[in-house]
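The following report describes the predicted model shown here, moving from a single loop residue to the fold as a whole.

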Amino acid sequence: MRKIRDFLSGDASADRVVPPSGQTAHLTLFASAVMAFLAVFALALSLAAGRLADKWSDELARASTVRISAPEDQMQAQTQAALRVLETTEGIASARALTAQEQQALLAPWFGQNVPVEALPVPQLIEVIETDAGYDGAGLRLRLSAEAPGAVLDDHTRWRRPLVQAAERLRLLAVMSILLISGAMAAIITLAANAALASNAQVIGVLRLVGAEDRYIANAFVRRFTLRSLAGALVGMGVGAIAILFLPSAATEIGFLTGLGFAGAEWFLPLVVPLVGAAVAYLATRRASLRVLGALT
């Protein structure tokens, strides 16, 4: 803690080595703010993708569908027979036939809200919810084929795996974006530090003549650029959090990205972004300062 306090308080004489304003200051503040803003959105995307993967995995893992395709005069009888089989199957918590309105809602994204379900040869769907222990899929298929020949059991395996993989890859993409943002921020701050050191070459030479060590000079640059990055990242983080706060909530029926954002304690995670930005600036500036000071020897 003492080292951090000393770093924040700094040395007034050493701070005068670094120009308090100019292009390097503006570039550092702007880059830090923009990168923090993007990092907040990438973090929100990563968390939302993780929640989406868990939701899809949990919901589809315990849900199955029985599809009944039969002549119209046999549809009701086969539906009732299938329901009796499902209700007496161990491992099934509940089973119910979807209403015409529910099936219409399922078809609405492809055919529109006014699709005439009753006029189409749409199979009857039965929603099946299994218990934690699960059921014997092979045995259930045999019983359904005997009691309701038109019934087909779909345990969602072929749908669940691609959806979960897609969400996991989206989360990986978000993590990679955060790493790329950190790398771009380090590169920009390194260039700004190099420019500041080069523009103060004469001042650095005079400081060396009066006995200042390179580490003393480098610490002045590191402290100034780190604090600039921290200030810019705080602004970018705040703007990004406010922007995410006003995004549509997951409860609205707008689309896939309505769940993008933070939930509960996740709102504290954006506070890490400025700290990471300051750490990146600290490491990038220290490395650049020592390298440039070595070249000016």
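E266 is buried, with a relative accessible area of 19%, where buried means under 20% relative accessible area, exposed over 50%, and partly exposed in between (1.4 Å probe, protein chains only). The residue lies in the loop between helix 9 and helix 10; helices (H or I, at least four residues) and strands (E, at least two) are DSSP runs, numbered from the N terminus. Leaving aside residues up to four places away in sequence, E266 touches L47, R51 and G261, contact being heavy atoms within 4.5 Å.

This is a predicted model in which local features need pLDDT of at least 70 and side-chain atom pairs count only at pLDDT 80 or more, whereas totals for chains, interfaces and linings use all residues. Residues are numbered from 1 along each chain as its sequence is written, and side-chain values use heavy atoms, with hydrogens and water left out.

W267 also belongs to the loop between helix 9 (214–245) and helix 10 (272–295). With a relative accessible area of 32%, W267 is partly exposed. Together with I242, L245 and F246, W267 forms a nonpolar patch on the surface, with about 460 Å² of accessible area in total. Such patches are made of residues with over 30% relative accessible area and no salt bridge; like charges are joined within 9 Å, and nonpolar side chains (Val, Leu, Ile, Met, Phe, Trp, Tyr) within 5 Å. Accessible areas come from the Shrake-Rupley method with a 1.4 Å probe, and for residues only the protein chains shown count as cover.

D214 is found in helix 9 and, at 28% relative accessibility, counts as partly exposed. The C-alpha atoms of D214 and L293 are separated by 6.6 Å, although the two residues are 79 apart along the chain.

**The sheet and its helices**

Four strands make up an open sheet in the order 2-3-1-4, with antiparallel pairing; two strands pair if DSSP finds at least two bridges between them. Strand 2 (92–97) and strand 4 (151–154) stand at the edges with a single partner strand each, so one side of each is left without a neighbour in the sheet. From one strand to the next, the twist averages 20°.

Strand 1 (residues 63–68) pairs with strand 4 in the antiparallel sense over four bridges. With strand 3, strand 1 pairs in the antiparallel sense over six bridges. Individual partners across these pairings are listed below.

| Residue | Partner | Strand of the partner |
|---|---|---|
| T65 | D154 | strand 4 |
| V66 | I126 | strand 3 |

In a regular strand the side chains alternate between the two faces of the sheet.

Helix 4 (residues 72–87) packs on the sheet and touches strand 1, strand 2, strand 3 (124–130) and strand 4; the direction of helix 4 makes about 5° with that of strand 3. Helix 6 (residues 137–147) lies across strand 1, strand 2 and strand 4, and runs at about 165° to strand 4. For these angles, axes are lines fitted to C-alpha atoms, for helices over the stretch in contact, and the values run from 0 to 180 degrees between N-to-C directions.

**Salt bridges**

How many salt bridges does the structure hold? There are two, a salt bridge being a side-chain nitrogen of Lys or Arg within 4 Å of a carboxyl oxygen of Asp or Glu. In one, R96 pairs with E102, and the closest N and O atoms are 2.9 Å apart. R96 is partly exposed at a relative accessible area of 36%, and E102 is partly exposed at 28%. In the other, E127 pairs with R96, with the closest N and O atoms 3.3 Å apart. This second pair links distant parts of the chain, as E127 lies in strand 3 and R96 in strand 2, 31 residues apart. E127 counts as partly exposed, at 31% relative accessibility.

**The chain as a whole**

The protein chain has 10 helices and four strands, and from the N terminus on its elements run α-α-α-β-α-β-α-β-α-β-α-α-α-α. Of its 297 residues, 39% count as buried. Among contacts between residues at least 6 apart in sequence, 84% join residues at least 24 apart. The protein chain exposes about 17200 Å², of which carbon and sulfur atoms supply 64%.
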